[in-house]
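Work through the exercises below with the model open beside you. Try each task before you read its solution.

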Amino acid sequence: MSADTSTRLLQLDPLLEAKNPNVRNEAAAAFGKFSILDSKVVAIIKKHLTSQVWEARVSAGRALQAVLANFEDGNGQDNNSPSASFEKLKSIDVHIVLQKFKPLLSDSETSTQYLQKQKFNSQAQRELVDKHLEYTQITGLSSKKFLSDDEFLDVSQTESTSSQSQELVDVVTKKEPLEGEDLKSEEDLIERRKKFWKAIREFVNSVTEQQWYARHGSAIAICQIATTSYSKLSNDLIDSTLYLLIHVLILDKFNDFISGRNATAPVREQCAQALVHILRNTDETRRELLLGIVVQMVSTSGDHNWNVRQAGLLILKYYFAIARKEGQQKTFDKCFNLVIQSLNDSVDDVTGCAVKTLSSILSNKEIPTDEMSQLVEKVMGHVWKLLELESAKEQLRAGLDALCIDLLEIVELWLSWNNENSISRESLLTICSMLDASFPVRSEKIVQILDVDMERIQNDKLNADDVFGIIKQLYRILLFSPRSDSLVFLEKSFVTFGKIFKIYQKLLIEKGEICMKVGNWLGCLLLDHRNPQIDVFACDVDGISSHQSSPQELMGSEEMRFLDEKEKDQVYLTRKILCAKFLAIILESLYECDADIQGQKVDVAVQLLFVPFFKSTSIMHNLGVSIVVNEWAALYRAAVNLKTTEKPPPMTIVQLADSIVRGPGKHYDEMTSIVHGLTKDCNEFIEFCVVRGFNRQEAESRGDAVEEVSKLAYTTIRPTLKTDKQRESIDSRYNTLMRSIENAKMNIKSNGIRINALLSSTLFYFGNAPEKLTPQIRPIVETMQTEENDAMASEVFRGAVPLLVMFSWPRNPRPYVKVLAKAFESFSGCPIRMPKVGSTSPGGATKIISFRRIWGKETDDGFEEATGGISAESRNAELLMTILCQFSAAQLGEFYSHFDLSEEVDLPTFLIRLELHNSFWNRVGSRLSDQSTGKIFNLVPSEDPAIRYAFAKSIETFCKSFCGDTLSKCYSKLVDLSNDLKNDNARLSAVEVFLRLSMMDTPFLNGWATLLAPPLFQLLTDGNEAVRDAAGEAFRRLIPVVTIENPNVVIEGLSDELSAKRAEFTNFINVLGSPSSLPRVNRQDIRGGFDANMLREYQLEGITWMRFLRSYGMHGILADDMGLGKTLQTMCIVALSVDKDEMKAKEKCSLIVCPRTLVDHWCHEWNRFFPERPRASKLPKKCQGAEICVVPYEELKHVIHM
């Protein structure tokens, strides 16, 4: 193996376990350049295949695939003919294997020995399980609910067989280790094949290891071998591999219930997959033999052998996906019937596996359509029966629904198998009867099935009661699903409801029940966020998990009790908005219909439904209905835009909303109750201080409010307290009181703003734009400045902002211009988004603010004390401007003019414009001009970290937008800054850019990361600590990207000069790891009368290395032992530098500093070896024309001092 290859392998080795999946994948692909015959390649891949890290094993499998694909050596021998190992394969009997060999557990034989020594009976084993699960007698919890005594290990049976059992690893034929390097092409083909087979056995034999992850990694390798190189394998290798796989599948008992991965039996799953890959390629004889063994496995009896049956079903799962029935009818049918029988297995894991095995038939593309239809009909017949049985089980109400979920997955697959399939009414109702918010995993499957089925032809298969029951459960999901569940699931439930309602809305409205219930459903959104308990039966949102004995259920589930008040408010607002969207669809449909309800027009009744709530003095009533009418108004506006409605706006709602927005502020009941509560808290705190000497009467005589008296009591009493414990006590009480007061004030204020903002948005949607728009605009601006809930801000802005712009166009001046000004102010006001210029703390001039992106929090440098999050006000402003980006520059010139970087503006304005590009580069197509590039580089060098930060962010931004063009304009300028040794701020500016670029995602960096490596490497030895730290972090991040970088990637817009430099730097990282791979310096290039033949090879290598470092502006050390010619090497380096490097005349003299006793020696050696070059000088002040000046340490100090 060459040095380059060895170095490359060392670099790729750790990348197979990198955290970044892109890096792992690229590293695996890079192994395709190596040979499987290389022992080091095999060792590295095998090491990662036996890693405990799952992702590393998968990456190693991909690396093996790449290596195997690169091995071109024709086919192996006739690998469909029987071999010696085939006879062993034929003799496999499942029961004998179970008796003969020890089981394969999770780790090593020590675990087996431990159990054997302990001789645990079933009770002791149960206690061990309970202890592991943290079940105690105090809590009343036990594993008895899901584990019977029969499922524990029979100790007596274990003892009788353990002494006779042997390890499976003992049957593996030990092969000689790989030897030497790659065989040359002229070597005998047979020998080359044998070496290849030896390498393959290295991977195959690990499948019998005791460590489960080693078995899993080996099975991954076998999968890759079978798919990539089956034709190159010997028949003996194939048969012995099958022999080992079958044994592992029979003996493996490892189950992974901890990692949370889908495959709870990862070894059996992967081995089954590997076996079927071989089955697919092998001959009919082997296939029939193996399927016969599988039939044995599936037919194995006994609850303690359930893992054997499961392994057999796993094989069939993959087999059914690729099986062809021609010539295999009898075997196929036998296997199919066995799987059907397994649906009644007493062990749930086997039953679930049988269901998944049946589902794999639906993905088979090999079976003819007619036969496939018959098979699918049989499968679905059993699935519908099982679903009906499952839906009736009481345990389903307790959430024990693993089998149910597997069955639902088959239904989902069945729907996708044929776009004409549609679920019958009875089956659909059976499925929907299991829908409940308390069980989100199951419900998510059901919602997905509903969503797909609604796309199929319905033919009114559901009646109004059916549909109402379904949408009621969907609404219940939106109300009660736990907070921890995905918002995507909730949104999917809402979208599915929309499809159902669109199909059946006429039927629902005619029935009338939806009209009667919508008011109850609306009432669920009017509750206080502190404890929104809903009576599910009174509000008609009960489900299968509801009980008449406890009708109250908490919105968002009981999980909400563990959140603080602020978090609750955020979650409930988001949930109410989604529920309001649900109700809005119903309300808009009712408003558009011409039906009557109890003698009153429905469209009138719908509006009157809101009147009492808007007139209520409860702030939560007003907030709830404001959210709903805003969503309704959005749907009305959409209908107007699509011209699907001719109805005028609901004027009752418009008048109510307008009266609130334009009227005086309402006084809400919550304000009074909160004031009473806080007054009580303040009085308690004051009494606490009175006991400690505070004069309350004197304080109250001044007429101060109770809050001010509390503050005075605190400031008066605290200094008088003598112990730390007393001071801590009063501090805690006071701080809690102040937080309560502040939260109460903010809560009342923010909810008031929300109500007005939502109603302003509602008025815009309904087309209400009077001459005086200020009352409707003010709440929108206040929302931008105060709203902390992103969903609420989005609901206010998404309609109100574009409609405000449209309603403003005919007016002069345009009202939205002032809103824009406020938005820019809010956007730039966040010190995290835009650190304050000129606010550098003492000693903070060398700070690099971009480091906070790595640390995850702000540095202690005066820019922000606590957190690194962008403020809500700034986020809201960004959202508002994102919405404005839907307008063109011609429509909204006042907005887009702020992106002009060529205009002459002051520094703060210019920095704001740079930040605008950073936030909206992908919407406005940010691109640098020569003028704007010059203005950006005029910002640096700067002593202000905030300016350097803005500079670095801007370069990163434009690299994201137009990478090649930006690099062409900026790269050389950045390198010049990094080379400015006299100005720390210049290098700080450059290194912060490099740091930010190195933190970009790998796809952005691919192709040009190489350009960053040399200047960063140079900065690793910088005299400024901050520069070194940043360069080190950036270089560390770049190494894996550069190592796997594709030099052939075309970067659009990259200049020819940079393209050439990129090609020049391509091998930079490789050379750093392997200096000997550098092309040697030409001896004849060392001129000046020097006899180059006297240089030894190692000296020439040292000269080459130092020249390489100098070419990148880096430093190095010659550290050979004494007497090996370092002085001569140094002189040659100096001579080459003078002749080859571009330098000014005054820069051509090199300074040699040494002990005084060696000055004459250096001068003599120079003059002797280079007689034709200028003589050496000893005088620093008179060395003009010399090429070296030799100075002792003491004299140099004196010269510097002078």
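Buried means under 20% relative accessible area, exposed means over 50%, and partly exposed lies in between, with a 1.4 Å probe and protein chains only. This is a predicted model, in which local features need pLDDT of at least 70 and side-chain atom pairs count only at pLDDT 80 or more, while totals for chains, interfaces and linings use all residues. Residues are numbered from 1 along each chain as its sequence is written, and side-chain values use heavy atoms, with hydrogens and water left out.

**Exercise 1. Cis peptide bonds**

Task: Which residue is joined to P813 by a cis peptide bond, and where does P813 lie?

Solution: 
- The partner is N812, and omega is about 0°.
- P813 lies in the loop between α35 (790-808) and α36 (816-828).
- Go on to P941. The bond from V940 to P941 is cis, with omega near -5°. P941 sits in the loop between α41 (930-937) and α42.

**Exercise 2. Two packed helices**

Task: Describe how helix α40 and helix α42 cross.

Solution: 
- Two packed helices are described by the angle between their axes and the distance between the axes.
- Here, α40 covers residues 907-924 and α42 covers residues 945-961. Their axes come within 9 Å and cross at roughly 35°. Axes are lines fitted to C-alpha atoms, for helices over the stretch in contact, and angles run from 0 to 180 degrees between N-to-C directions.
- The crossing of α40 and α42 is left-handed. That term applies if the near helix is turned anticlockwise from the far one by less than a right angle; clockwise is right-handed.
- Now list the contact, meaning heavy atoms within 4.5 Å. From α40 come L907, L911, L914, E915, H917, N918 and W921. From α42 come I947, A950, K953, S954, T957, F958, K960 and S961.
- Sort them by class. The contact has seven nonpolar, five polar and three charged residues. Ala, Val, Leu, Ile, Met, Phe, Trp, Tyr, Cys and Pro count as nonpolar, Asp, Glu, Lys and Arg as charged, and the others, Gly among them, as polar.

**Exercise 3. Aromatic rings**

Task: How many aromatic pairs are there?

Solution: 
- Set the rule. Rings of Phe, Tyr and Trp (its six-membered ring) pair if their centres lie within 6.5 Å; planes under 30 degrees apart count as stacked, over 60 as edge-to-face and the rest as tilted.
- The count comes to 36 aromatic pairs.
- Take F895 and F899, an edge-to-face pair: 5.5 Å centre to centre, with 80° between the planes. F895 is buried at 0% relative accessibility, and F899 is buried at 9%.
- F899 also pairs with F920 edge-to-face, at 6.2 Å centre to centre and 75° between the planes. F899 lies in the loop between α39 (893-896) and α40, and F920 lies in helix α40, so this pair ties together parts that are 21 residues apart in sequence. F920 is buried, at 0% relative accessible area.
- Look elsewhere for a cluster. F468, Y475, F497, F501, W521 and F582 form one.

**Exercise 4. A leucine and its contacts**

Task: Which residues does L1012 contact, leaving aside its neighbours within four places in sequence?

Solution: 
- Locate L1012 in helix α46 (residues 1009-1019).
- Its contacts are F994, L997, L1005 and L1038.
- Check one distance. L1012 and F994 are 18 residues apart along the chain, and their C-alpha atoms are separated by 6.9 Å.
- L1012 is buried, with a relative accessible area of 1%.

Conventions. Helix = DSSP H or I, 4+ residues; strand = E, 2+ residues; numbered from the N terminus.
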